[in-house]
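Here's a quick tour of a structure, written for someone just getting started. Take a look at the picture first, then read on.

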Amino acid sequence: MNLAARNPAAKLAAAAVLTFALVVSLDPVAPAVALAAELAVVPLFGIRYGALARRAWPLAVSVLGAVLTLFLFAQDREHIAMSALALALRLFAVALPGIIAFATTDPTDLADALIQNARLPARFAIGTLAAWRLVPLLGEEWRLITLARRARGVDPGRNPVARLRLFASAAFTLLVGAIRRGTRLAAAMDARGFDSGAVRTSARRQYFRRADAALVAGAALVAAVALAASVASGAFHPLFA
Amino acid sequence: MTVVRLRGFGHRHAGRRRWALRGVDLDIAHGERVALLGSSGAGKSTLLAALAGLLPPESGEREGTVEVRDRTGIVFQDPQSQLVMARTGDDVAFGLENTGTAAERIWPLVDDALRRVGFPYGRDRPVAALSGGEQQRLALAGALVSRPGLLLLDEPTANLDPDGARLVRGALAGLDGTTMVIVEHRVAELVPLLDRVIVLEPGGGIRADGPPGRIFTEYGDELAADGVWVPGRPPELRMPRTAPGEALLRKGDIEIRAAEALAVTGPNGAGKTTLALQLGGLRKPVGSPVTATAALAGTDSAKPPHKWRARALAGRIGSVFQNPAHQFVTARVRDELALGAADPARVDELLVRLRLDALAEANPHTLSGGEQRRLSVATALAAAPRLLILDEPTFGQDRRTWTELVALLAGLRDDGHGIVAVTHDPDFTTAIGARELPLATRPLEAVQ
């Protein structure tokens, strides 16, 4: 069973179901159960734990930061320990399905599935996809703009105000370039009949099969078990109470 | 059969005082291959956009009529901003999906379009892995796949190295029975493809219309004077009047000398821009170090240029980037020059010298391509550096700006400046009498 090959819309829906279930309760039991289940299915998506750790480290750092902040500013440290643990578990349990879904999904397939299975407008899905393709160019452009400022003899040194002004002017240049490029891309897409009102077909078919429904159902089951465990253990603590 | 019919056509872009195009009467018959010429700002691109149906009512004011009796396809200059999908085949299929072609008919049509432009790879090839020339052929396939009767080309080879441009021209030559309207600055190589040349008059109407041979013979002089590139008219040579002077900068066996122009040439991806950034003290050199001589840097010559303070660097080595907009820091042309200028009198001198005096109060980002190029050179000169490094300085320029740039750089060279230009413009290398430094293609993994 290779869950990575499941319909991208199904993967996103499964992640959404888990997220929804985990935000309704503030206790540590529900996210602990969900996280355990999520970690258990990671190999079924063809991801090795080492690779997952590499992808998730920025998340780990920010979770650690949030937990530390809670501790540092808490008056009642014993009481806060439980809340901090619950928060950390919840952040991991909510983020992990998203990380898994995006790590195993090609952006083009995702856009196709959102249009064909989730009935999202092509204008939105394809437009986003096309813009997404330009993102790496922005990084390269930013490097060149920064170098060009040095070439102009502009060096803010350690003065924070000068640094901020230089950053603002470089960001403006980047923005002007991005808007120009976006306008050109939009004209090119118009010229090829995009969003012209004609009924659009899809060259690549995405199917929502029984296995895809099963994936979403599985996520719902995990969510239900997690919440049930939380209620049974008496830890359940609803968000709106 | 007439494919295009324009009567008294004019268009004024929203927010502009001047008409981009006015009083144009024009018929184009089926199968004709037409080049649109005219100086910068004569409205060539506006006319193409009108034919492609890309000027909706809200884009400006219109007069007269445009009739296009066939399906159109258009290819623009920059491949990066006209390819939509991440995979080659998906991008070609994009236009077919938009017009509602049945899914089972799409892939055979895609394969056929890729074959027509001589695309060497399969449909799964990532677009990001293609060279500029290959991407532009892919854009052409994306336009052709919908079987347009009228193919519009807006400077399709301007962004490409000579090999890439040749690939695209080859693909165009193989298209039979398609009506073509092409806008291109450097039209000489295209002449064998053309049946007809139309010269737009800046300010309105058509100045000349006929077969290329006759037009270039009858109107050659005035076209050249207006900044149009006319085939068979080699640009004026500006050979150095003195022998190269002292060495200014070295990297490995590359030596840059005063009063000499060095042209760094080679295909896209050979690392020309990277070399320019390293020589310019903007990036840490890879391989052999960059060393400045005492003639360039005085006591600072003990340190490599990339460790100099920015202000000291700008006063010794001026860098002009391929995209001029990357270099603009302020909101006024005058402030741009004042920013680096060692002496306020130099600002006015440079404004006049580079024909920017009328634009002194304008925002640099609103200037035309040629004006931005002149300003970027002027900003590098403001701090009076001894060495000037330029990345594709003549790229996309009309003949007038081109000639001015060559004259300016030759003058600087004769005043004892060192000039390094990364270029794939052989005319430039010849006109300025540059010593050539050809870089070979390196294996991909060696490229930084």
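## Strands in chain B

In this predicted model, β1(B) and strand β4 (residues 60-68) of chain B pair up antiparallel through eight bridges. Strands here are DSSP runs of E with at least two residues, numbered from the N terminus, and two of them pair if DSSP finds at least two bridges between them. Across from R12(B) you'll find E61(B) in β4(B).

β1 (residues 2-13) of chain B also runs antiparallel to strand β2 (residues 21-29) of chain B, with six bridges joining them. Here L6(B) sits opposite L26(B) of β2(B).

## Where the chains meet

Chain A puts 46 residues into the contact and chain B puts in 54 (contact means heavy atoms within 4.5 Å). About 4300 Å² is buried between chain A and chain B, and carbon and sulfur atoms give 54% of that. Buried area is the accessible area (1.4 Å probe) that two parts lose on being put together, summed over both. On the chain A side, R150(A), R152(A) and R192(A) lose the most area to chain B, together 22% of what that side buries.

## Charged partners

Nine salt bridges link chain A and chain B; each is a side-chain nitrogen of Lys or Arg within 4 Å of a carboxyl oxygen of Asp or Glu. One of them joins D91(B) to R192(A), with the closest N and O atoms 3.3 Å apart.

## Reading the labels

Residues count from 1 along each chain as its sequence is written, while chains are lettered from A and ligands numbered from 1 in the order written. Local features need pLDDT of at least 70, side-chain atom pairs count only at pLDDT 80 or more, and totals for chains, interfaces and linings use all residues, while side-chain values use heavy atoms, leaving out hydrogens and water.

Methods:
Helices (H or I, at least four residues) and strands (E, at least two) are DSSP runs, numbered from the N terminus.
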